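This report describes a single protein chain together with a ligand. Please keep the sequence and the structure in view while reading.

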Amino acid sequence: MAFDHRKPDSTSSETRAVPGLGPGRHFAVVTSKPEDSLNALKRLWQYFQGYRWQLIVVFILVGFSSLLMLAGPYFIGKAIDEYIVPRDFRGLVRLLVFMGFVYLLSSLFYWLQGYLMVNVVQRGVARLRKDLFDTLQALPLRFFDTRPHGDLMSRLTNDVDNISNSLSNTITQMFSGIITILGAVVLMLWMSPELTAVSIAGIPLTLLVTRLVTRHTHRGFLAQQTILGNLNGIVEENISGLRVVKAFVREESEMERFEEANQALREAGVRAQIYAGVMGPFMNVINNLNLAIIAGVGGWFATREIVSIGTIASFIVYSRHFTRPLNELANQFNMLQSAVASAERIFRVIDESPEPPDAEEAVEFKEIRGEVEFRNVSFSYQRGVPVLKNVSFHVKPGQMVALVGPTGAGKTTIVNLLARFYEVDSGEILIDGVDIRKIKKESLRSLLGVVLQDTYLFSESVRENIRYGRLSATDEEVEEAARLANAEQFILGLPQGYDTILTDGGENLSQGQRQLLAIARVILKDPAILILDEATSNIDVLTEKHVQSAMLNLMRGRTSFVIAHRLSTIRSADLILVINQGEIVEQGTHQELLEKEGFYYRLYTSQFGLNSSISVPDS
Ligand SMILES: Nc1ncnc2c1ncn2[C@@H]1O[C@H](COP(=O)(O)OP(=O)(O)OP(=O)(O)O)[C@@H](O)[C@H]1O
């Protein structure tokens, strides 16, 4: 259950440890380079390029809305100078009604742009989410072997959400802010250049602080998202492995492990927010200082008749109008950076190499005889750690092959290579004399039927789980497959029969029952070659008999590879491959191998020994 060895992604970017996790336990935090962020932003834009016209309309609406809002302070000054001071109350009411109308229109435009923008962002984000999910489907198993699954889930959920939330508001608010600042300055210059010079004196200081703060926040946000991904990894592992946790009474240590990660996330969150949080109070001080200066200097100007009282009132409101957007610009820039950090994490997965594409000359296989040959196949999951060494064997069509050998010998690896879940390092695997690299992957996998010891079932009805074998199968065909798999009896005993909804992974069924459903699924698929992994754990005698006879039914007439744990299977096999430490040490029939009195003989006679995979008594 350790996650330390897994890398969160494979970029060449620098990784660093997050303190506070103790020796040997650290999260690799990927820090990004500025060009990565720019690149991520450009790529993010591609998802919205198709909505260019909607976006133009959005920006026009935002522009109008902001400009209309800007008219407010001007009218306040006008109201004071032209209506309040000369005591013209009718004129004042007329002006107030007009102002109300202007504000209403501004709000209407703002609401409309929000409506359009949300639509555009949700569509773009849905496409991004789809691209990420499609990439995950296309990535080789090797990719998933080395990544915490929770972290990948986090990219698909938290990171995508983060982008969606940031973009829905941030960009238009930034644009509105810029228009407001520029508009306010232009209007102020028009009203009084002298007072404008006083009002904008604080801007350079504001910009300097904003720059200093944003430099720190991006790194913080990226670290936060990465650690959140790792935290999700721990949660995901914990829920999947809950039985193991409970069986070993490891709740305490799991809680500690979670708490350690939780603390790291808290620290990263605080670090990211500390800088961002400095902005608000600092801006308040500058704003209030600005107001005092405008009021003081404005008052002095008024005594010399350089400006009117109404103009001072307008300036006081305008100064809020441009210092607030300036302040918000910094926050919005932070949010945009957080979205960019999320986009970087998403594109790192999207950029991973998918399973190698089919070779150009790859052929489609519809009907095959089922002849299988391994020629000098070598393979390693990790470079430098060979798992299979020069494996060669030949299986005639329709033969049943039993793979036997101690645990970790390489039996599952052989069938993994046959299904091309992994690519061989050297050598060839041939089906009907054709190298499997020259067969279209989809066509190869549809020729294979796999029944594993621990079958994964989806949280859907029993019927839909069986139909997974062939989506076009009718209800009658599904039920027929269940009958052939000896599964009907137990299915009918379930609360809603075929319509009973299974829990995630099929946890509400016994292991034997899950295997029966897996067999029914494969019967529907009707593959030419079978890969079966016999259950090692104890399943009840009756279910086991059902599983056995269903498997025998299934194997009839098909080339079958059985990772065998039962002597009855091994005895009836046409060919036994005895595997030890990644090599085929012996091959032949049960009788031939016994007569050799070699490795198989010792394995067979020591069937009650610890390392033997044929340790289950004959059934
Ligand atoms: N995804 C993987 N990544 C790295 N190493 C792996 C992976 N899967 C298996 N291995 C290693 O490859 C070797 C062979 O494993 P394999 O699963 O083929 O053995 P097996 O004979 O099927 O064992 P068992 O009878 O216990 O299922 C083992 O040393 C195992 O640790």
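## Confidence in the model

The structure is a predicted model. The mean pLDDT of the chain is 83, and 91% of the residues reach 70 or more. For the model as a whole, the scores are ipTM 0.96 and pTM 0.69.

Among the elements, strand S6, residues 426–431, has the highest mean pLDDT, 94, whereas strand S1, residues 15–17, has the lowest, 39. Over residues 1–30 the pLDDT is below 50, although this stretch has 59 contacts in the model beyond near neighbours in sequence. Residues 608–619 also have pLDDT under 50; for them the model has 29 contacts beyond four places in sequence. Where pLDDT is low, the predicted coordinates should not be read in detail.

## Overall make-up

The chain has 619 residues, of which 37% count as buried. Its secondary structure comprises 20 helices and 12 strands.

How do the contacts divide by distance along the sequence? Among contacts between residues at least 6 apart in sequence, 79% join residues at least 24 apart.

## Annotated transmembrane regions

An unreviewed UniProt entry places the feature "transmembrane region" at residues 53–76, 96–121, 174–191 and 197–214. Two of these spans can be compared with the model.

Residues 53–76 are 100% helix and 0% strand, and the C-alpha atoms at the ends of this span lie 36 Å apart. The span of residues 96–121 is likewise 100% helix and 0% strand, with 37 Å between its end C-alpha atoms.

Strands of a sheet pair through backbone hydrogen bonds, either parallel or antiparallel. In this model, 4 strands form an open sheet in the order S4-S3-S6-S7, with antiparallel pairing. Strands S4 and S7 (434–435) are the edge strands, each pairing on one side only.

Which residues face each other across the strands? S3 pairs with S4 (residues 385–395) over 7 bridges in the antiparallel sense. Phe374 stands opposite Phe393 in S4, and Val377 stands opposite Val391 in S4. The hairpin of S3 and S4 has 2 residues between the strands, and Gly384 in this hairpin takes a positive phi near 90 degrees. S3 also pairs with S6, again in the antiparallel sense, over 5 bridges. The bridge partner of Glu373 in S6 is Leu430.

## Around the ligand

Which residues come nearest to the ligand? Of the 13 residues around the ligand, these are Tyr381, Thr407, Lys411, Thr412 and Thr413. The shell divides into 3 nonpolar, 8 polar and 2 charged residues.

Strand S3 (372–382) and helix H11 (411–418) each supply at least two residues of this shell. The largest share, 3 residues, comes from H11.

Definitions and conventions:
Residues numbered from 1 in each chain as written. Predicted model: local features only at pLDDT ≥ 70, side-chain atom pairs only at ≥ 80, totals over all residues. UniProt positions renumbered as here; feature names shortened; annotations may be inferred. pLDDT = per-residue confidence, 0-100. Contact = placed C-beta atoms within 7 Å. Near = placed C-beta within 6 Å. Nonpolar A, V, L, I, M, F, W, Y, C, P; charged D, E, K, R; others polar. Buried ≥ 20, exposed ≤ 12 C-beta atoms within 10 Å, placed from the backbone. Pairing = 2+ DSSP bridges.
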